[in-house]
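Q: I would like a close look at one part of this structure. Please keep it plain and take it step by step.

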Amino acid sequence: MVSFTINSKKVSFDGDGDTPLLWVLRDQLNMTGTKFGCGVGQCGACTVHVDGQAQRSCVTPVSTVAEQAITTIEGLAPSELELHPVQQAWLEFDVPQCGYCQAGQIMATVDLLRRNPSPTDADIDTSMTNICRCGTYARIRKAIHRAAELSAQGEQE
Amino acid sequence: MSAVLEQKTFSRRQVLIAGAGVAGGFVLGIPQLANATTDSDRMIGYFVEIRADGSVVIGSNQPEIGQGVRTALPMLIAEELDIDWSMVSVRQMPLGIIKTADGFTWKYGGQGVGGSTGLTSNWEYMRQVGATARAQLIKAAAARTGVAEAECSTRPGVVVCGSLQTAIPYGDLIADASALPLPEESPPLKDVADYRVIGSRVKSVDARDIVTGRAKYGVDTVQPDMRYAVIARAPVLNASVKSFDDTETRKVPGVVDVIKIEGPEPGAPYVILASGVAVIATSTWAAMKGRQLLAIDWYESPNATDSSERFWAENREMLKGDGQVVLDDGDFAQAIGDAETVVIRQYQVPFVSHAPLEPQNCYAYVQADECHIIAPTQMPSGASRAAAAVTGLPRENIRVDMTRVGGGFGRRLTNDYVAEAAMISMQTGWPIKLQWSREDDIKNDFYRPGGLHEMQAGLDGDGKVVAWAQRLASGSKYYRRPNMPDEDLFGAELYIDDFPRRIVDNIRMEYFHNAIGLPRGSWRAPAHTANAFVVQSFLDELAHETGADPLQLRLDLYGASREIEYGGHGGPTFNPGRLAKLISFVADKIGYGNTLPDGHGIGLASHFTFGGYAAHAIQVSVVDGKLTIERIVAAIDCGLAVHPNAVEAQLQGGTIDGISTALGLEITVLDGQVQQSNFHDYPLARIAAIPSLFESYIVPFDEQPTGVGEMGIPSAAPALTNAIFAASGVRIRALPIAAQLQI
Ligand code: FES
Ligand code: FES
């Protein structure tokens, strides 16, 4: 039995401890915002935060997150009406195409901005390794810079 | 396509059903069909629902694969309905087919997205749907106020009747309007000058759901009692299961069943790709674990010795002989014999995989006399046919729901995964969600055909191209089609009406078919990706050989704006002047002709794809064998841009797809097995490969829209390789680039 929190809610899982967190989220908890793209840590579609840090949930055995706090895309916005600055920036630039990678892209960006509140293009190049098959990279780059601005404004207020 | 209308009585309203064939074509311009009456007194036809508060729910009949059709088509309806876009929400419609005496007809108009036709095939139709709904609201208002219809008009969301100047909101009129008989003909449509929604910077209707994780894709399907399935497919092309031992698999907690999947006969037309063993479990992970523990014995395959090396060697051999002449304009032999300069080059274009980010999946529940499919698919009618073929059920008893699709690129034109899911459900009795892994997807695809092209050109003393030949040895994607004669196989690989036909007088095309076990299919912009690379590289080589400027050489060939005959998809005409305009535009934007530092260069390319035009200018540096893309300028001429945000997105996405594929992607075969398996060895480009200097432009042309999904890709790769040559003198004649330069 493994216990942890997801988006501040306590949950426990009593299946196989080697089950990737991704499948616990998707099949057991029916939280399908976190996506399956490769299953081997390559694409980032499954990115969630474990104690605030981005992690690829397809290669994260659920046993390793015991007593930790998980945040998924469903838990990122502060409320129903209010979005996270990264989500807002994504809407401003109409980033998604098929949209399948975007939960992962957003979760990776939140983590990047936590570590580096105003990343340069070079910083983005080294930190953002999530794959977008549709090729939304040009807008993702703009949206990351915009999210950095929005976050900075938010902090001043 | 003509439609025969017949009338039936249904409930208190009339239903009109069009008798057009359903075989896979698109039904155009039949608003009566779309507006066939429903039982709801909030709806006018199938597409338009108006709520009491004046908000409008618009049905979207096409699969959304990221091309923005769920926004663009409702925009057409909203425009003619005269409603503010902020009042619109969108509902996904299922597949609608109706049985007729001689087959099936569409209930909601043709459904399916491929060949960049989603918008163009619905352009008239959806506007007519909106205009008809608006006319019904006007009629209802006229009846209520006693003002003549001709004296009534609309402002967004309201009908205004004559001098009364009373504005009646649509929401107050809908109950009356929904009960009125529908007109036989569509009312006139708006003038372009009056558009308020079409061409505006509307954002994707689904963006908020996507960024909050709420948008539902096929993989997200959950149904009562559903079980999860994965399949262990034959690792060798066309191998089949001899026997299997599932003892260990069945010990995995959650595994409920293990069954054999019969594959297709080698070489025969097929509904699924491979033979295998399916594991059914209470979770995806249990099914995957169970699959790992299977011990399967396979029959030897006739393709067990297939290899890429052999395929390419055979192609080289073939090109030494004579192929099937598929185009022979003028007198090529004479013209090339008389030419001052003759240039011959070979180019190799590899097999590539679609790899949409959402791996294939499908929900199927087959019961005694009905079947329910929920699938991410580009062709819902194909899903219905696949399920019918597997189950033997009549198609009218097969319900197909479409989810949002995590990328198409042509992969989901084929519904093999739907057939698999239906097989598993039928054999086990469970409602099944079949899930492919990434490895399943990369190893079991309908790959873009690989081919070796030989280009020949003869130029006269003035550098004018007087003779042109393209000779191609490849594995045609038509190879496994039912009733396809060998002499038609070329048609999927060489588009004979492409540039420079009817521009260069003496032109010849030759085809050599090389069978290989690797399945082939439609990969975004099919043969245009290969042919644009080859032709646009070769033009640069001709310029280099004759000391001409690559831009000028193209402008001379393209010539002035004029329509020339084009019999292929995207015709009936092609205007090379639009390519000239676009390539000049991107050249100008990037500063073509300016002096650059050593090791830097600019490459240009342009191409006509399925009715639309695009051009790219790319600047790179090549320093110590290391390639860096520094700047990209892309432009598209899609006629009228209906949904500019989506046009730009498709142009950018196509550009990146072209670059990503050219840089590092190739599928190879050894001992009958696909050697790539996941993104570590099939490395799609990441953000670092795409420079921050990336401009995309929409260059308007006229009032007719063209599609946009495939136009952005073909000219990207040759612009890149032409830039590499300009920077370094290295001519890339075989893709991918990573085999020759550090990327
Ligand atoms: S699904 Fe986890 S990284 Fe791709
Ligand atoms: S938007 Fe489709 S994969 Fe990124």
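In which sense do strand E9 and strand E10 of chain B pair, and over how many bridges? Please also show what lies around them.

A: A word of caution to begin: this is a predicted model. Strand E9 of chain B covers residues 152-155, and strand E10 of chain B covers residues 158-161. The two pair in the antiparallel sense. Look across the pair at one position: B:Arg155 stands opposite B:Val158 of E10(B).

Now take the turn. The hairpin of E9(B) and E10(B) has 2 residues between the strands. In this hairpin, B:Gly157 takes a positive phi, near 85 degrees.

Next, follow E10(B) onward. E10(B) is also joined to strand E11 of chain B, residues 166-169. These two run antiparallel, with 4 bridges between them. Here B:Val160 stands opposite B:Ala167 in E11(B).

Step back to the wider setting. Chain B is divided into three parts: domain 1 (5-200), domain 2 (220-302 + 360-435) and domain 3 (308-352 + 446-739). Take domain 1 and domain 3 of chain B. Their centres, taken over C-alpha atoms, are 40 Å apart. The two domains touch: 17 residues of domain 1 of chain B are in contact with 20 residues of domain 3 of chain B. On the domain 1 side, helix H2 of chain B (residues 69-81) gives the most, with 4 residues. That side of domain 1 of chain B holds 7 nonpolar residues, 10 polar residues and no charged ones.

How values were computed: Residues are numbered from 1 along each chain as its sequence is written. Chains are lettered from A and ligands numbered from 1 in the order in which they are written. This is a predicted model: local features need pLDDT of at least 70, side-chain atom pairs count only at pLDDT 80 or more; totals for chains, interfaces and linings use all residues. Domain bounds come from an automatic or database domain assignment. Two residues are in contact if their C-beta atoms, placed from the backbone, lie within 7 Å. Ala, Val, Leu, Ile, Met, Phe, Trp, Tyr, Cys and Pro count as nonpolar, Asp, Glu, Lys and Arg as charged, and the others, Gly among them, as polar. Two strands pair if DSSP finds at least two bridges between them.
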